[in-house]
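Visitor: I am new to this structure. Please show me how to read it, one feature at a time.

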Amino acid sequence: MTDSSKFDYPDGVEEMTPEEKENWYAEWVKTDEGIAFTTKQQQIYAVVVGDDGAFRADDVPAGDYVLTLSINATMPHGQCRIGESLGTAVHYFTIPEMPSGRSDEPLDVGHVTLELRRFVNVGDTAPSLQATTLSGDAIKLSDFAGKYALLDFWATWCGPYLAEMPNLRKAQEQYKDDERLVIE
């Protein structure tokens, strides 16, 4: 797929609200530049992977690209959908201009490392997590060893996540005297 990192954002995008960004994008994709960019983004090339891990894609024009690899679990009972992601890799590379516009010579795009996801199952020791609270304090999951800890991963810009906050506050208030549970 072509490299989406070459996307030209408008000046001041960092100060835009999510709604302003969405509105700007909705209008921009209707422009000639937006149509050209999104059409370019839709170019997907099939690859054939050999037993040695080398792959080949034919008739890919010169340009900047992003190679995205994903390995997914198979679904039980022959279900017809993609299973859970087991690992991914994202690799950026450039195909140079070719004098005749085409070459049968292999292009070495470098080593691509697929990173497998780490799964935590019920009963496993939780991974070492540390973060900064909204008030700027450092917090580590290990600080709560031996207790139940409610972890809620959310984003400040996501409406549904923000809408859930009153329920978390209710739970925190309801269980504030239970020393076995931590809701920070």
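Guide: Begin with the secondary structure: the protein chain has three helices and nine strands. Helices (H or I, at least four residues) and strands (E, at least two) are DSSP runs, numbered from the N terminus. This is a predicted model: local features need pLDDT of at least 70, side-chain atom pairs count only at pLDDT 80 or more, and totals for chains, interfaces and linings use all residues. Residues are numbered from 1 along each chain as its sequence is written, and side-chain values use heavy atoms, leaving out hydrogens and water.

Visitor: In what order do the elements of the protein chain run from the N terminus?

Guide: The order is α-α-β-β-β-β-β-β-β-β-α-β.

Visitor: How many of the 184 residues count as buried?

Guide: Buried means under 20% relative accessible area, exposed over 50%, and partly exposed in between (1.4 Å probe, protein chains only). In this protein chain, 17% of the 184 residues count as buried.

Visitor: What do the contacts in the protein chain join?

Guide: A contact means heavy atoms within 4.5 Å. Take the contacts between residues at least 6 apart in sequence: 48% of them join residues at least 24 apart.

Visitor: How many aromatic pairs are there?

Guide: Rings of Phe, Tyr and Trp (its six-membered ring) pair if their centres lie within 6.5 Å; planes under 30 degrees apart count as stacked, over 60 as edge-to-face and the rest as tilted. By this rule there are three aromatic pairs. One of them is edge-to-face: Tyr45 and Tyr65, 6.1 Å centre to centre, with 70 degrees between the planes.

Visitor: Where do Tyr45 and Tyr65 sit?

Guide: Tyr45 is in the loop between α2 (32-41) and β1 (48-49), while Tyr65 is in strand β3 (residues 63-72). They are 20 residues apart, and the pair links distant parts of the chain. Tyr45 is partly exposed at 25% relative accessible area. Tyr65 is buried at 4%.

Visitor: Which arrangement do the rings of Tyr65 and Phe93 have?

Guide: Their centres are 5.9 Å apart and their planes at 20 degrees, so this pair is stacked. Phe93 lies in strand β4 (residues 85-95), 28 residues from Tyr65. Phe93 is buried, with 18% relative accessible area.

Visitor: What about the phi of Asp59?

Guide: Most residues other than glycine have a negative phi. Asp59 has a positive value, near 60 degrees. Asp59 is in the loop between β2 (55-56) and β3, and counts as exposed at 53% relative accessibility.

Visitor: Last, is Cys158 buried or exposed?

Guide: Cys158 is buried, at 15% relative accessible area. Look for Cys158 in the loop between β8 (148-149) and α3 (159-174). From Ser100, Cys158 is 58 residues away in sequence and 49 Å away in space, C-alpha to C-alpha.
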